[in-house]
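Please open the model in a viewer and keep the selection tool at hand.

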Amino acid sequence: MDLNIKTNDKGHLDIGGADACELVEEYGTPIYVIDEERVRDNYNRFYNAFTKFYPKFKVFYACKANTNIAVLKILEEEGCCIDAVSPGEVYICKKMGFSGDRILFTGNNIRNDEMDYVNSEDVILNIDSVSALKRLAESIDPQGKKISFRVNPMVGAGHHGHCITGGEMSKFGIMETEAVEIYKLAKELGFEPVGMHSHIGSGILDPEPFKLAIESTMNIAGKVHQEAGIDFEFIDFGGGVGIPYTPEEELLDLEHFAEENIKLFKEKLEEFDMGEPILYLEPGRYIVGDASVILVEVNSVKESYRKFIGVDAGFNTLLRPAMYDSYHHIVVANKMNEEPTQTVDVAGNVCESGDLFARDRPLPDIEEGDILGILNAGAYGYTMASNYNSRPLPAEILVKNGESFVIREAQTFDDIFEKQSIPEHLK
Ligand SMILES: *Cc1c(COP(=O)(O)O)cnc(C)c1O
């Protein structure tokens with residue numbers, strides 16, 4: 001099994017050297033717990049795998065996966081760069097010490113004032129449509145401004161239909177057939193187009209779709225190089241590298257993955273005589289996904305038509321199971337060495353029947369007061385959490401070699417209602 005699970009000698013879940021049960025005693029539930037070393041290891045494993053085969057390589061962490069400022073700071077220290085998809089992400093990453101040249105902005109349907117803001121932070125914009133290019137040219141001085149374009153490589157892949165971002169049904173990117181014209185237009189407008197970007201989807205554990213996307217993107221880039229005279233400073237193949245969520249799924253052999261993809265990349269560079277642009281990849285999930293666990297407490301065990309284990313968190317805390325039907329492995333943090341004896345549904349505390357963390361899950365005997373660990377919650381976990389049902393967002397705890405730190409306090413009721421006001425006539 002390739003899931004990131006450790007058990008200590010008390011038979012409790014270990015997260016980064018800390019005992020999950022002790023963390024719950026100290027901080028309560030629900031909490032997100034993030035293992036600092038795992039984030040660092042994931043980043044370095046990824047960086048080293050590709051650098052080995054192509055030294056001109058940079059990792060642009062897709063920060064929408066997890067924007068906790070401590071996580072950003074860790075990656076800033078490691079020398080990572082950022083893929084930002086909103087002005088808010090640019091703002092927070094600048095604050096955490098990433099200079100503009102370490103951020104690429106891949107917006108989608110963004111307003112002029114948002115483009116202005118991103119541009120004013122000296123961040124390169126990765127443009128997604130002719131409409132955005134023209135609006136950008138009107139709202140900033142294009143002279144010598146470096147830009148990049150996102151292309152649709154007509155290859156899509158991902159763990160769920162919502163996560164497939166290439167192909168005919170995708171709202172993302174410019175078409176292959178318009179690429180040469182758009183790069184020419186950008187030059188005419190005064191821009192300096194230096195990059196090409198594609199991103200085919202998320203949660204991909206199979207190297208094949210990546211190879212297709214590299215091939216297709218490189219064919220477009222080669223054509224743009226030859227017909228529009230663009231010398232690319234960078235080519236960016238986006239993110240999407242998956243992690244195992246179920247016990248059956250295997251960790252991707254990253255070195256093999258890197259070797260195969262880079263071989264193809266280099267062949268294409270040679271075929272089109274494109275020199276040696278910097279290769280960018282934008283992993284989000286791979287860097288943070290398996291570095292975090294949500295700890296929740298069982299508060300009810302119900303024998304109904306089915307057996308329900310009720311916990312004190314819901315899809316407001318972790319949306320992925322409800323939204324994507326995602327599997328998240330669940331362990332009983334205080335009974336790690338006990339074998340499964342039953343299959344149960346693990347249900348949240350939100351008033352919606354879709355609020356389930358698991359159906360028919362084999363788990364050991366469970367009583368009220370037991371602590372469950374919902375694994376692989378580091379990516380698209382907290383960043384997709386909400387105040388639905390007027391529940392405060394949970395705390396985030398960072399663990400480093402057994403020591404723990406609050407990196408985000410839990411919200412209070414007042415925090416949820418803070419920005420509202422009553423107009424005079426209702427007072
Ligand atoms: C979401 C996203 C990523 C990261 O996807 P992961 O599956 O988390 O690796 C990378 N690039 C872009 C443009 C994205 O929108």
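Helices (H or I, at least four residues) and strands (E, at least two) are DSSP runs, numbered from the N terminus. The model is predicted, so local features need pLDDT of at least 70 and side-chain atom pairs count only at pLDDT 80 or more, whereas totals for chains, interfaces and linings use all residues. Residues are numbered from 1 along each chain as its sequence is written, and side-chain values use heavy atoms, without hydrogens and water.

Begin with helix 9 (254–271), which gives the largest share, 4 residues, of the lining of the second largest cavity. A cavity is a set of points on a 1 Å grid over the protein atoms alone where a 1.4 Å probe fits but cannot get out, and lining residues have an atom within 4 Å of a point. Next, select the whole lining: Phe 50, Phe 210, Ile 214, Phe 237, Phe 257, Asn 261, Ile 262, Phe 265, Leu 279 and Leu 281. Helix 8 (207–228) and strand 12 (278–281) are also among the elements that give two or more residues. This cavity holds about 60 Å³, a volume being the space filled by probe spheres set on the grid points.

Then turn to the largest cavity, of about 90 Å³. Its lining includes Asn 4, Lys 6, Asp 35 and Asp 290. Strand 2 (13–15) and strand 13 (292–303) each supply at least two lining residues, and strand 2 gives the most, with 3.

Finally, select helix 5 (residues 112–120) and helix 6 (residues 130–139), whose axes (lines fitted to C-alpha atoms over the stretch in contact, with angles from 0 to 180 degrees between N-to-C directions) come within 10 Å and cross at roughly 65 degrees.

How values were computed. On a 1 Å grid over the protein atoms alone, a cavity is a set of points where a 1.4 Å probe fits but cannot get out, and a pocket is an open set with protein on both sides within 12 Å along at least five of seven lines; lining residues have an atom within 4 Å of a point.
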